[in-house]
Every structure is written in C-alpha cells, then in structure tokens.
Amino acid sequence: MPGELFPSLSASISVALLRQVPFFFVFLLAPETFLAAQFYTMHTDNSFIAEAKAKLRKTLRHKRRALSQEICRTLSERITKRLVATDAWQRAKSVALYIPKRNAEREVETQLLLEQAFAQHKRILLPRIEAQNTLSFLPWTPGDPLQQNTFGILEPYPAKEQKQAIDLFVLPGLAFDRQGTRLGFGGGYYDRALARESQACFAGICYSFQLLPLLPKAAWDQNVDLICTEDEVLCL
Ligand code: ADP
Ligand code: MG
C-alpha cells in the first residue's frame, strides 16, 4: 500500500517545518508570502529532497526484495505484454533496455522484452558505465558476450560503432509517480544520460506498488513519458 511509504516522508516534512518556527511571525504578518516561501523552499532544498529520496529508496527496496522470484516473473510478463502493445514500443526501431541484477533485488525482468525486441528486428542497446559515472548505450544482440560491471550488472563490451539515435529507452526504477518523476538507485546515471536524449521516448517499467502519487523531485531529475506496470499504462 502506498500509504505505508509515507510515515518517513511525513517525518521529514515535520522536521523541515520545525526548522521554520522562527518564521512563525512572518506567517502572522504576511501568511501568503510565508506559505509561498515554504512551498518554494521544500521544492528547491536539495538536502531535503535527498533525505526524502533516501528514505523512500530504503522502503521500496525492502518491499521489492520481499517479492518471490515467481511473483516477479509473473508480474514482469504482464508488464511486458502491456509495454509491447504500446505505440511507443511498436514505432521504435531502436530500444535501449537493461539487464536486471542477478540477485535478490527483484527488478522487473527484461528477458521477454529482449526476446520480443530481437524477434521484431529492433535494434537493441544496453547501458554501459563509462568514465566519470556516465552511461553509454551500446548495440547488443542476444548471444553476444557480456561482462559484469562494478555493480554486478551485465553490460556489453566496448564497441567502436558510431552513436545512432535511440527511439525508446526502457528504464528501471525504484519508484515513479503519476507526474512522470523517477526515483533511481541514487547514482543519477539515467538523469545524466537522458539529459542528452531530447528526441527519444522514455518509458519506466515497475510493479504497481512502485507507482506512487507524488515523489520528491530535484532539478536534474528527468521525467518519463510513459509508465507501464502490470495493471496499467500511463501516458504522460
Ligand atoms: P537517481 O536518479 O538515481 O534516483 P538522484 O536523482 O538522486 O539519483 O541523483 C543522484 C546524484 O546524481 C545527485 O546528487 C546529482 O548530484 C547527480 N546528478 C544527477 N543528474 C545530474 C546532472 N544532469 N548533472 C550533474 N549531476 C547530476
Ligand atoms: Mg534522479
């Protein structure tokens, strides 16, 4: 239930509000100015946002790790069926996907998506961590060798191929909200990579419990255009 996620968030909000006690008199004298300033501060104070994100990551990671592998597989199949039926998937000639970690994280599985993309003659790209914590997306065909990066994620070997446009990015996430905000693992890798990809469609895939009403959002957070869970496809 999304409601379970909010005690830690409301605790953070309470602390932030307590810090504002000295401004109580401003509230008495000019309530509109006070409320506008509060709203602005809460949405621009990066340490407040980072703290709220860290708490949500912990809760959601815990919840996701509690899924059995069987449930994870069943839900991933339903997510795949919904995603491949979208216009964004059907139109895409090139798709950036990811390979989930082979551990207990229970990220949405992408095996079926990779198979569908290959069967439908789409160009598949997978992320690779490069210098300065950037991501590049390299072409990959099922059967090509992969190597583990420092996070234990499988990624393609470096390629000399020239960069080509990517039509659709399928993104993992710990949570998304109904405005398209994405919460990742905290490295900001996709934010930096997607900032350079203004033409592409960004699709987040997650289980329905990871789709929340509202997430904390920093200035650099890149929104997604579409969110696909086992229960719904949300076009933004
Ligand atoms: P995630 O998107 O993985 O949930 P965050 O959005 O919290 O992670 O970002 C993590 C860090 O990445 C931030 O502290 C920020 O400094 C850095 N970051 C993200 N995007 C950019 C960017 N476009 N330019 C510079 N730094 C960035
Ligand atoms: Mg981010």
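Which residue stands opposite Ile-129 in β3? The residue is Leu-135. The model examined here is predicted; local features need pLDDT of at least 70, side-chain atom pairs count only at pLDDT 80 or more, and totals for chains, interfaces and linings use all residues. Residues are numbered from 1 along each chain as its sequence is written, while chains are lettered from A and ligands numbered from 1 in the order in which they are written.

Strands β2 (residues 123–130) and β3 (residues 134–139) pair in the antiparallel sense over six bridges. Strands are DSSP runs of E, at least two residues long, numbered from the N terminus. Two strands pair if DSSP finds at least two bridges between them. β2 and β3 form a hairpin, with three residues between them. In the turn, Gln-132 has a positive phi of about 55°.

A mixed, open sheet is formed by three strands in the order β8-β7-β10. Its edge strands are β8 (182–183) and β10 (211–212), each of which pairs on one side only. Strand β7 (residues 175–177) runs parallel to β10, and two bridges join them. Phe-176 has Leu-211 as its bridge partner in β10.

Ala-96 lies in strand β1 (residues 94–96). Ala-96 is buried because 27 other C-beta atoms lie within 10 Å; the cut-off for buried is 20 or more other C-beta atoms within 10 Å of the residue's own, with C-beta atoms placed from the backbone. Residues up to four places away in sequence aside, Ala-96 touches Leu-125, Pro-127, Phe-137, Ile-166, Phe-169 and Val-170. Contact requires C-beta atoms, placed from the backbone, within 7 Å. The C-alpha atoms of Ala-96 and Asp-167 are separated by 8.1 Å, although these residues are 71 residues apart along the chain.

At least three residues come from each of domain 1 (2–65) and domain 2 (69–235), with bounds from an automatic or database domain assignment. Beyond its neighbours within four places in sequence, Leu-168 contacts Ala-88, Trp-89, Ala-92, Val-95, Ala-200, Cys-201 and Ala-203.

Ligand 1 is surrounded by 13 residues, each with its C-beta atom, placed from the backbone, within 6 Å of the ligand. The closest are Gly-184, Gly-188, Asp-191, Arg-192 and Trp-220.

Terms used: Helices (H or I, at least four residues) and strands (E, at least two) are DSSP runs, numbered from the N terminus. A residue is buried if 20 or more other C-beta atoms lie within 10 Å of its own, exposed if 12 or fewer, and partly exposed in between; C-beta atoms are placed from the backbone. Two residues are in contact if their C-beta atoms, placed from the backbone, lie within 7 Å.
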